[in-house]
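Have the viewer open and follow along.

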Amino acid sequence: MKKFLIAAVICLFAATAFAASPLDVFKGQKGKIDIAGGTVHIPVMKEAAKRIMGANPDIRITVAGGGSGVGVKQAGEGLVEIGNTGRPLKKDEIEKYGLESFPFAIDGVAVVVNPANKVGELSFEQLIDIYAGKITNWKEVGGSDAEINLYVREDGSGTREVFTDKAIKKGSVAAKANVVNSNGAMKTAVAKDARAIGYVGIGHIDSSVKAPKLAGMTATQENAANGKYSVVRDLFMNTKGKPEGLTALFIDYIYSPEGAQIIKDSGYIPLPRKK
């Protein structure tokens, strides 16, 4: 009996050691995948690309940003194989380009201020009035006597669209707002400006910025996933028509257990593939 148990354990370890890796499907493959669009996707895409190219140097994967609008346009025009968006495709985009969409993660969008700012919470009403230019000094919302500097994302940004729809309820934005072109640029701008207010995907929050509570809600990915934080969106990969070849294998990899772990490590919540 003892010998049988030992043999079973050895077999179990052997099976584990030789279990197929999700990267095995890329063996023997050659070609390239170009990816562009939503900047919030970049950490996931780059890590997946790094692992795939590490497993097979005959595959070349490029990852660029540009925002959701760029992702739609470049995928639709055949300039990239995958165009990323931080929002669902619009009906006219689907009809114009024949795009197929693959939601793969949940991300929240958080209000951020400089870490030196003592404001710990804002209501929706206060946020709406700040961005409309009705509240212009931090002392009006419990902060220091200092002018509020507004930061927004560029037109076509999925992060901007979610913030506009769900955080400021489609309210107006003052013309004086400073425009930045990525989540990374937003984080850098707010980190360097003690009077700043902006917004980023929750996965981008680190010690360089501070996310005050919004209407009592704490901006974490866990809260975004369980419904305790309402300013949320899905992240999408989009292709022109049904994905084939390396592009299909890349998308499959993102939905694999290894891909799900990359998504988690990047600060997002993985979604199962829709049937």
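How are helix 2 and helix 9 oriented to each other: roughly parallel or roughly perpendicular?

## The overall picture

First off, this is a predicted model. The protein has 10 helices and 11 strands.

Of the 275 residues in the protein, 47% are buried. As for who touches whom, take the contacts with a separation of 6 or more: residues 24 or more positions apart account for 76% of them.

## Helix 2 against helix 9

Back to the question. Helix 2 covers residues 42-55 and helix 9 covers residues 245-254, and their axes cross at roughly 115°. Angles from 65 to 115 count as roughly perpendicular, so helix 2 and helix 9 are roughly perpendicular to each other. The two axes come within 11 Å, and the crossing is right-handed.

If you want to select the contact, helix 2 brings Val44, Met45, Ala48, Ala49, Arg51 and Ile52, while helix 9 brings Phe250, Tyr253 and Ile254. By class, that contact of helix 2 with helix 9 has eight nonpolar residues, one charged and no polar ones.

## Lysine 187

Next stop is helix 7, residues 183-192, where lysine 187 has its place. Is lysine 187 buried or exposed? Its relative accessible area is 17%, and the cut-off for buried is under 20%, so lysine 187 counts as buried.

Setting aside neighbours within four places in sequence, lysine 187 is in contact with Val200, His204, Asp206, Ser208 and Val209.

## Arginine 160

Now look at helix 6 (residues 158-167), which holds arginine 160. With a relative accessible area of 22%, arginine 160 is partly exposed.

What does arginine 160 touch, not counting residues up to four places away in sequence? The list is Val152, Arg153, Glu154, Asp155 and Tyr199. With Arg153 you can go down to the atoms: the side chain of arginine 160 reaches the backbone oxygen of arginine 153 at 2.6 Å.

Arginine 160 and glycine 67 are 93 residues apart in sequence, yet their C-alpha atoms are 9.7 Å apart in space.

Definitions and conventions:
Residues are numbered from 1 along each chain as its sequence is written. This is a predicted model: local features need pLDDT of at least 70, side-chain atom pairs count only at pLDDT 80 or more; totals for chains, interfaces and linings use all residues. Side-chain values use heavy atoms; hydrogens and water are left out. Axes are lines fitted to C-alpha atoms, for helices over the stretch in contact, and angles run from 0 to 180 degrees between N-to-C directions. Helices (H or I, at least four residues) and strands (E, at least two) are DSSP runs, numbered from the N terminus. Angles under 35 degrees count as roughly parallel, over 145 as roughly antiparallel, 65 to 115 as roughly perpendicular and the rest as oblique. A crossing is left-handed if the near helix is turned anticlockwise from the far one by less than a right angle, and right-handed if clockwise. Contact means heavy atoms within 4.5 Å. Ala, Val, Leu, Ile, Met, Phe, Trp, Tyr, Cys and Pro count as nonpolar, Asp, Glu, Lys and Arg as charged, and the others, Gly among them, as polar. Buried means under 20% relative accessible area, exposed over 50%, partly exposed in between (1.4 Å probe, protein chains only). A polar contact is a pair of N or O atoms within 3.5 Å; within protein, one must be able to donate a hydrogen and the other to accept it, and residues adjacent in sequence count only if both atoms are side-chain atoms.
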